[in-house]
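Dear colleague,

Please find below the structure that I am handing over to you. My findings follow it, arranged by region.

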Amino acid sequence: MISVSSGQEYQSQLEAERPALSRRAFLQTSAVGASVGLVAGCSSGPSNDRGAGRIPDWSAEDIPVLRGRTVLVTGANGYPENGRSGLGYHDALALARAGADVTIASRNQTRGQEAVRRIRAEALHAAVRFERLDLADLASIRAFARQMRNTHRSLDLLVNNAGVMGRLNREVSVNGFERVFATNTLGHFVLTAELMPLLRKGHMSRIVWVSSLRAGSGVLRFDDLQLQKNYDYAAAYDQSKLANLLLAFETERRSRRYGWGVTSVASHPGVARTNLIPNGPGLESPEGWRFQWLPIFQPAATGALPTLYAGTAAGVLPGGYYGPKGIAELRGPPGVAQVPAAARDSRLAQRLWPLLERLGGTSFS
Ligand SMILES: NC(=O)c1ccc[n+]([C@@H]2O[C@H](COP(=O)([O-])OP(=O)(O)OC[C@H]3O[C@@H](n4cnc5c(N)ncnc54)[C@H](OP(=O)(O)O)[C@@H]3O)[C@@H](O)[C@H]2O)c1
């Protein structure tokens, strides 16, 4: 993790270069005709302390005006259906409402286009489009990134949101990798590498890696990363989410070392009512039982807030980790999240990075 002082330096630089005007402030200042220098909601910033955050209650209303900013959200096609929706859909909707130029990238064209239609219906004048991307297919990632590089001059925010939980039996991707590892970790790693040229041209660009409370139970099995010998759906998921947290912090360290000018942060949603468990281990699994019977799962729109905060708030620290600030970080508005001990281990990250470069046939250089 970065030091407090470096975070504060970044914070001052950010505020000097871009006086973030939250939309709530925008509405307030418009109403009273006051100057645009007013900042609401996100001016004090988090301390670098661990544990429950000290961020004042923050909502999607506090997202700065994002006109002219280009954003990509992976896995954003989960429009509301059967009382559930995807976190990425709510990220995309809120970012489009704030005026960003949003690309949503997912596997299914029909669902992607329907998500675009719904966002346009909810956010008048939303600049949102769908592009096909299968994160479990390296060729699809490369084709998608090529398309992005051909159609965009820069990228200001990449939200690495898409994700799967393992099914009860081990599955492999078209490239032969275990499906959870392929989608959540390797896919986003390769995507980030392929989009780095665009991110480097962005305006104070950021990457948000969506992790999970379950990263705390994750173990990186370097001797069996694909869980070929001993598959367990929970172990596959927890490993992938620890890996993504390690990648968030390592990307930040490398960005500083090599002067990429890109900020990398992480978020987790607590627990939210989405399709993750029903489409993963299913409603008959222990997770499925909890999902159906425990009243702790918050609406996806609330679960999306830590990611939106991490991606847009001025108070965000490079290399920071944000999650709900309610009890045990399960639900509530965004706060500073507790980083699991293993995720702080930069030696693990430095071991993982070249391995992913080799498996993904990619490089950040
Ligand atoms: N919900 C929670 O309580 C919770 C807790 C901790 C972390 N998270 C994390 O939050 C993120 C979003 O998950 P969610 O809860 O919103 O679940 P979700 O409703 O199942 O959404 C997952 C999204 O990822 C997409 N996706 C899956 N495989 C893909 C692939 N190969 N290529 C491209 N897109 C793919 C899905 O699209 P398809 O329609 O194509 O499947 C869907 O849009 C995940 O990273 C998850 O690990 C969620």
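**Findings**

In helix α11, the buried residues are L305, P306, T307, L308, Y309, A310, G311 and T312. This helix, which spans residues 305–312, is accordingly mostly covered, with 8 of its 8 residues buried. Please note that the model is a predicted one.

**Overall composition**

The protein has 365 residues, of which 52% count as buried. Its secondary structure comes to 12 helices and 8 strands. Among contacts with a separation of 6 or more, 72% are between residues 24 or more positions apart.

**The sheet**

An open sheet is formed by 8 strands, with mixed pairing and the order β3-β2-β1-β4-β5-β6-β7-β8. Its edges are β3 (127–132) and β8 (334–336); each has a single partner strand, so one side of each is left without a neighbour in the sheet. From one strand to the next, the twist averages 25 degrees.

Strand β4 (residues 157–160) pairs with strand β5 (residues 206–210) in the parallel sense, over 4 bridges. Within this pairing, L157 has R206 of β5 as its bridge partner, and V159 has V208 of β5. Strands β5 and β6 also run parallel and are joined by 5 bridges; here the bridge partner of I207 is S264 in β6.

Both of these strands are mostly covered: 5 of the 5 residues of β5 are buried, as are 5 of the 5 residues of β6. In β5, R206, V208 and V210 lie on one side and I207 and W209 on the other, and all are buried, so that both faces of the strand are covered. In β6, T263, V265 and S267 point one way while S264 and A266 point the other way, and again all are buried.

Helix α7 (residues 233–258) lies across β5 and β6 (263–267) and runs at about 160 degrees to β6.

**The nonpolar core**

Which residues have the most contacts inside the largest nonpolar core? They are A92 and I104, in a core of 99 residues. Helix α6 (residues 179–200) gives the most to this core, with 12 residues. Leaving aside residues up to four places away in sequence, A92 touches V73, A76, V102, I104, I119 and V128.

**Helix α12 and L352**

L352 has its place in helix α12 (residues 346–360). Is L352 buried or exposed? It has 20 C-beta neighbours inside 10 Å and therefore counts as buried. Apart from residues up to four places away in sequence, L352 touches L220, A243 and L246. L352 and E250 are 102 residues apart in sequence, and their C-alpha atoms are 9.8 Å apart in space.

**The surroundings of the ligand**

The ligand is surrounded by 31 residues, the closest being G75, A162, G163, S212 and T274. By type, the residues of this shell divide into 11 nonpolar, 17 polar and 3 charged. Helices also take part: α3 (87–97) and α8 (276–279) each supply at least two residues of the shell.

**Two backbone points to note**

- With 15 other C-beta atoms within 10 Å, M204 is partly exposed.
- With 18 other C-beta atoms within 10 Å, L227 is partly exposed.

**In brief**

The account above covers an open sheet of 8 strands with mixed pairing, in which β5 and β6 are mostly covered.

With kind regards

Notes:
Residues are numbered from 1 along each chain as its sequence is written. This is a predicted model: local features need pLDDT of at least 70, side-chain atom pairs count only at pLDDT 80 or more; totals for chains, interfaces and linings use all residues. Two strands pair if DSSP finds at least two bridges between them. Axes are lines fitted to C-alpha atoms, for helices over the stretch in contact, and angles run from 0 to 180 degrees between N-to-C directions. Two residues are in contact if their C-beta atoms, placed from the backbone, lie within 7 Å. A residue is near a molecule or strand if its C-beta atom, placed from the backbone, lies within 6 Å of it. Ala, Val, Leu, Ile, Met, Phe, Trp, Tyr, Cys and Pro count as nonpolar, Asp, Glu, Lys and Arg as charged, and the others, Gly among them, as polar. A residue is buried if 20 or more other C-beta atoms lie within 10 Å of its own, exposed if 12 or fewer, and partly exposed in between; C-beta atoms are placed from the backbone. A nonpolar core is a set of buried Ala, Val, Leu, Ile, Met, Phe, Trp, Tyr and Cys residues joined through C-beta atoms within 7 Å.
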